[in-house]
Amino acid sequence: MHFHTLIVTLAAACYVATAHASLGGDSASIEADRVHMQVDHAARQTPSSNGSYTIHETTLPTGTIVRQYLSTAGVVFAVTWSGPFKPDLRQLMGPHFDTMIARQAGQVNAGHRFVSQHEADLVVESGGHPRSFVGRAYLPSALPAGIVVQDIQ
């Protein structure tokens with residue numbers, strides 16, 4: 001029975017580690033995403049002009065560029081992507097990925113190439129075709145003061 005308890009505990013720990021994703025997460029989740037997506041270099045960090053957030057930019061092995069926006073409060077409030085392949089959105093969006101999928105299933109255009117969901121708690125815009133994908137997801141309630149949505153690119 002002791003071995004079974006150990007296995008259950010390890011499985012739960014792994015689940016918690018993978019569930020801790022970037023969107024809505026903290027700065028440690030950016031590093032976890034980098035490791036999960038097998039990026040062998042640190043993200044390039046660029047502070048915003050008003051100092052209210054930092055952009056962590058990573059180029060994935062596929063050539064796709066991922067930007068994670070971290071507020072000075074330590075919250076990842078947005079992620080963007082552009083490139084030849086979609087990144088692992090489940091990893092980048094965490095529990096918000098399931099919200100996006102559930103909302104998309106309820107739309108008339110479910111399964112189309114373009115996703116546009118604008119809700120009070122989550123905004124997702126994604127589109128493209130093979131070799132050219134773009135998108136962004138952000139949490140409106142977590143946007144730092146002074147940021148405009150157009151800054152999230």
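Reader: How many cavities of 30 Å³ or more does the count come to?

Author: In this predicted model, the count comes to 1 cavity of 30 Å³ or more. About 40 Å³ of space lies in the largest cavity.

Reader: Which residues line the largest cavity?

Author: The lining consists of Ile30, Asp33, Arg34, Met37, Thr58, Val66 and Gln68. H2 and E3 are the elements that give two or more residues to this lining. The largest share, 3 residues, comes from H2.

Reader: How do the lining residues divide into nonpolar, polar and charged?

Author: They divide into 3 nonpolar, 2 polar and 2 charged residues.

Reader: Turning to helix H2, which of its residues are buried?

Author: Helix H2 covers residues 27-36, and Ser29, Ile30, Asp33 and Arg34 are buried in it. These residues lie on the same side of H2, because they cover an arc of only 145° around the axis. In general, an α-helix has 3.6 residues a turn, so residues three or four places apart point the same way.

Reader: What covers the buried residues of H2?

Author: The cover includes strand E2 (53-59), strand E3 (65-71), strand E4 (76-83) and helix H3 (89-93).

Reader: And what follows H2?

Author: H2 is followed by Gln38, which has a positive phi, near 60°.

Reader: A change of topic: in what sense do E1 and E2 pair?

Author: Strand E1 (residues 44-47) pairs with E2 in the antiparallel sense, over 4 bridges. Pro47 stands opposite Thr54 in E2.

Reader: How many residues are between E1 and E2 in the hairpin?

Author: There are 5 residues between the two strands, and Gly51 in the turn has a positive phi of about 75°.

Note on methods: Residues are numbered from 1 along each chain as its sequence is written. This is a predicted model: local features need pLDDT of at least 70, side-chain atom pairs count only at pLDDT 80 or more; totals for chains, interfaces and linings use all residues. Side-chain values use heavy atoms; hydrogens and water are left out. Buried means under 20% relative accessible area, exposed over 50%, partly exposed in between (1.4 Å probe, protein chains only). The arc is that of the directions from the helix axis to the C-beta atoms. Contact means heavy atoms within 4.5 Å. Two strands pair if DSSP finds at least two bridges between them. On a 1 Å grid over the protein atoms alone, a cavity is a set of points where a 1.4 Å probe fits but cannot get out, and a pocket is an open set with protein on both sides within 12 Å along at least five of seven lines; lining residues have an atom within 4 Å of a point. Grid points are joined across faces, edges and corners, and a volume is the space filled by probe spheres set on the points. Ala, Val, Leu, Ile, Met, Phe, Trp, Tyr, Cys and Pro count as nonpolar, Asp, Glu, Lys and Arg as charged, and the others, Gly among them, as polar.
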